[in-house]
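I opened this entry to keep track of what I looked up in the model, going from the whole chain to single residues.

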Amino acid sequence: MRRRFGTAAVLLTAALALTACGGGGGGGNPLDTTSAAPSGSASGGTGAGAGKAVIGSADFDENVLLGSIYAQALQAKGVQVEEKPRIGSREVLYDQVKSGGLTIVPEYNGNLLAFIDLQSKASTTDDVNAALKEKLPAELEVLTSSPAEDKDSLSISKDTQAKQSLNTMEDLAKVSKTMIVGGPPEFKKRWEARFKEVYGLEFKEWKPTGPTTADAIKDGSIQVGNVFTTDPKMTANNLVPLQDPKNIFPAQNVTPLVNKAAATDTIRTTLDAVSAKLTTQSLLDMMQKISVNKDEPATVAKEWLTSNGLA
């Protein structure tokens, strides 16, 4: 659930606290906030000037790619950019944008809403974004969402689908107690109660499979897992996303989360232009280059920006 943004949030938060207290900074530590622009310092906030931006990303390739797209697009417009890739979990990233240690993070609007309001029932892009505007603290803002959507799924192998006649998450409830489910480390904490409430899903075991989830389904070490719809392994591993008729997984549009005081007009208009061009298919194509061709995210980002007249 990436977009639950996993991995050692408590330890990372502690590390951030230490760096904030230690002064000096440096050393290339992506969690070191001492050199980051503080809230409100980016060339007069929403006033004139291209400004400065510290862009963070979570520890998975797609979010690193999006962070690089944002960074290179802003650099092309004269913004002074510092990238801090692969910082870790949403818990850490969210707090850093709120404090001003980061200016921008590529987010997924539905899961961001679930993070700040577990009770929200918003599911469409418009409803999710309206709820975010109400729920986000004053320091934070979401900019225009892109059409690109990387949505959560519970996925199974085509063999399992055929043998068990499973097409929906409702179907899965009939056999879930016999299955091992995998996903990011925080997957169980964030979704166990909701799965049971909405679909009656209860699993034999929960495994923290992280980025290996699709491979774990393929090799049979888990039978169902949280795989994302733009993951090239969905096709490569012959996986099937189960239909979600009750919309437990909300819209997941790629959406910039920004520190409101540090976001200049140039930052806002540039990221809006990026969002207008970014589609689910283009995101899938770029991820194919990274996952299959092993191209570097920054290289793929540059190619996309150039082809769309954004760099």
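I began with contacts: among those in the chain between residues at least 6 apart in sequence, 77% join residues at least 24 apart. I note here that the model is a predicted one, and I read everything below with that in mind.

**Whole chain.** I looked up the make-up of the chain next and found 13 helices and 10 strands. Of its 311 residues, 52% count as buried. The accessible surface comes to about 13,300 Å², and carbon and sulfur atoms hold 51% of that area.

**Strand E3.** I then turned to strand E3, residues 104-108, and asked how many of its residues are buried. Five of the five are, so the strand is largely enclosed by the rest of the structure. I checked which way the side chains point: Ile104, Pro106 and Tyr108 go one way, Val105 and Glu107 go the other way, and all are buried.

**Salt bridges.** I counted salt bridges over the model, taking a side-chain nitrogen of Lys or Arg within 4 Å of a carboxyl oxygen of Asp or Glu, and the count comes to 13. Glu91 is partly exposed, at a relative accessible area of 25%. Arg190 also forms a salt bridge with Glu186, where the closest N and O atoms are 3.6 Å apart. I looked up the accessibility of Glu186 as well and found this residue buried, with a relative accessible area of 11%.

I next followed Glu170 and Lys246, whose side chains meet in a salt bridge at 3.9 Å, N to O. This pair links distant parts of the chain, with Glu170 in helix H7 (residues 169-172) and Lys246 in the loop between strand E9 (239-241) and E10, 76 residues apart. Both ends count as partly exposed, Glu170 with a relative accessible area of 37% and Lys246 at 45% relative accessibility. I also noted that salt bridges with shared partners join Asp59, Asp61 and Arg86 into one network.

**Backbone angles.** Arg86 came up again when I went through the phi values, as this residue has a positive phi of about 55° although it is not a glycine. I made a note of this because most residues other than glycine have a negative phi. Arg86 is found in strand E2 (residues 80-88), and its relative accessible area of 35% makes it partly exposed.

Which other residue did I write down for a positive phi near 55°? It was Ser165, again a residue other than glycine. I placed Ser165 in the loop between helix H6 (158-164) and H7, and with a relative accessible area of 55% Ser165 is exposed.

How values were computed:
Residues numbered from 1 in each chain as written. Predicted model: local features only at pLDDT ≥ 70, side-chain atom pairs only at ≥ 80, totals over all residues. Heavy atoms only, no water. Buried < 20%, exposed > 50% of the residue type's maximum accessible area, 1.4 Å probe, protein only. Helix = DSSP H or I, 4+ residues; strand = E, 2+ residues; numbered from the N terminus. Contact = heavy atoms within 4.5 Å. Areas by Shrake-Rupley, 256 points an atom, 1.4 Å probe, with all protein chains shown as cover.
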